[in-house]
Amino acid sequence: MNASGWVVALLLILLVGIAWFSWVRFEGEMPELEGPEALVVGTSGAQLDIAASDWDSGLRSVRVTIVPGEAAEDGEEGEAPAERVLVDESFPGNLLSGSLRKEHSVSLPLDAKSLADVESPATLRISVRDWSWRGGFGGNETLRLVPLTIDVDPPRIAVHSGLTYVRQGGSGSVAYWLSEETARDGVRVGDIDFRGYPLPGGKPNERIALFAIPIDADPDAPVRVFAEDAAGNTNEAGWSLVVKAHSQPTGRVRLSHNFMQMVVPRLAPAGASAEPAAAFHDINTRLRADNEKTIRKIIAESAAEPLFSGGLRQLSGSKVTSRFGERRTYYAEDEPVSEAVHYGYDLASFSAAPVTAAAGGRVLHADDLGIYGNCVILDHGLGLTTLYGHLSRIDVKVGDRVEKDERLGLTGATGLAGGDHLHFAVLVGDTYVDPLEWWDAKWVETHVASNLPQAR
Ligand SMILES: [Zn+2]
């Protein structure tokens, strides 16, 4: 090859090189951006977390600004709106080699005070650029417009219910109005929350909550209606409420030799002692706590409207053998071996007596449930549920709608039971309450239905 041939060859190589380099530098891979879809800043502030990355030419800039008004695709070049810069970072690099900075994250606390002059709603404009030659050498830009709401007004609460009497271990209801839609509202008793629901037949933002004073809680614990909006602004309101203390009865339960030999080994959880008294204690504490946790999960799906009307029905022709709230001590061979609070009523009838729904509702559980044996749980709406334990047979399945007095199964002695009986329990929210009030149609009329316009 002569000299001019070499020049041509070199030029060709150079051209191909430049073409390849340009093609690389013109990469169209957009920078990646992780960040919020929407941001709400309340009195307690909010956190803005952004993660940007670009694995080709590297990051050039991350810029976050607040622009007035609701998110609108930008593009129309007009008068640039007054913007507030929150983040403006650029990373060194050049158009030949890009930047070694491939990742960057921003974690910025936003407090409501510093944004006091921003009119809500506004838009958070997050822009991430890389070192590509695209965009007129300005780089690829990933742009996200995030709706920004600044809300420092707590929901206002007006309680509609008047003087309310409730006793320890008992239930109550309260109707109230909220100034806005909330993320959470209801009644707070000490540190226990009872959910609020739309008031059936009420106006928008009219609410009702069933609540309870736990039998073993401090009767002086504050009872307040609470509300929290999406921005995390909270408010509370009290009303005229009288809580009457109620003492818990005590009881002794004798565990027969037969019970210790037959029932205990069947229920003993994995790892339980082989010694019957210790195994019983394990069932009565560890398995019981486990079962209670399961029950709380099951009843979390209570309906937002009442499925019950009037009082609950007690098992027909039954005799009460143990009351609500009894502090029990269990004895084996005259030795105390364990303790528990009895959160239901034990109702004895004849063997394999029909068990019926205490009120209209929907079946949430129809299966074995540890100490409760074959167990049916019904939802009656507004957080009111009933539990039927120790059944010998179950006649319903999960999801079934049942009418009051419809048969659920037959009594038995499955689970932790010494003989054929029904364990009947009522829950309001996550709290066991005395069924006695709910069995009394007059009590339900004056304490619950009086707050339900639909039921009046
Ligand atoms: Zn019981």
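**Close-up views of a predicted model**

His-342 is buried, at a relative accessible area of 6%; buried means under 20% relative accessible area, exposed over 50%, and partly exposed in between (1.4 Å probe, protein chains only). This is a predicted model, in which local features need pLDDT of at least 70 and side-chain atom pairs count only at pLDDT 80 or more, while totals for chains, interfaces and linings use all residues. Residues are numbered from 1 along each chain as its sequence is written, and side-chain values use heavy atoms, with hydrogens and water left out.

**View A. The zinc site.** His-342 (NE2), Asp-346 (OD) and His-423 (ND1) coordinate the zinc ion at 2.0 to 2.2 Å. Donors are N, O and S atoms within 2.8 Å of the metal (3.2 Å for Na, K and Ca); water is not among the atoms, so sites may look incomplete. The spacing of the donor residues in sequence is H-x3-D-x76-H. Asp-346 is buried, with a relative accessible area of 8%.

**View B. Domains of the chain.** Domain 1 (28-150), domain 2 (157-244) and domain 3 (250-436 + 446-455) are given by the domain assignment, whose bounds come from an automatic or database source. Taken over C-alpha atoms, the centres of domain 1 and domain 3 are separated by 56 Å.

**View C. Nonpolar cores.** In the largest nonpolar core, of 83 residues, Phe-211, Tyr-388 and Trp-438 touch the most other members. A nonpolar core is a set of buried Ala, Val, Leu, Ile, Met, Phe, Trp, Tyr and Cys residues joined through side-chain atoms within 4.5 Å. Helix α3 (residues 276-298) gives the most to this core, with seven residues; helices (H or I, at least four residues) and strands (E, at least two) are DSSP runs, numbered from the N terminus. Because domain 2 (157-244) and domain 3 (250-436 + 446-455) both give residues to this core, it lies between them. A second, separate core has 25 residues, including Leu-33, Ile-50, Leu-59 and Leu-115.

**View D. The loop at Pro-155.** Pro-155 is in the loop between β8 (141-150) and β9 (157-159). Pro-155 counts as buried, at 0% relative accessibility. The C-alpha atoms of Pro-155 and Thr-182 are separated by 7.5 Å, with the two residues 27 apart along the chain.

**View E. Leu-14 in its helix.** Leu-14 lies in helix α1 (residues 3-25). Leu-14 is exposed, with a relative accessible area of 52%.
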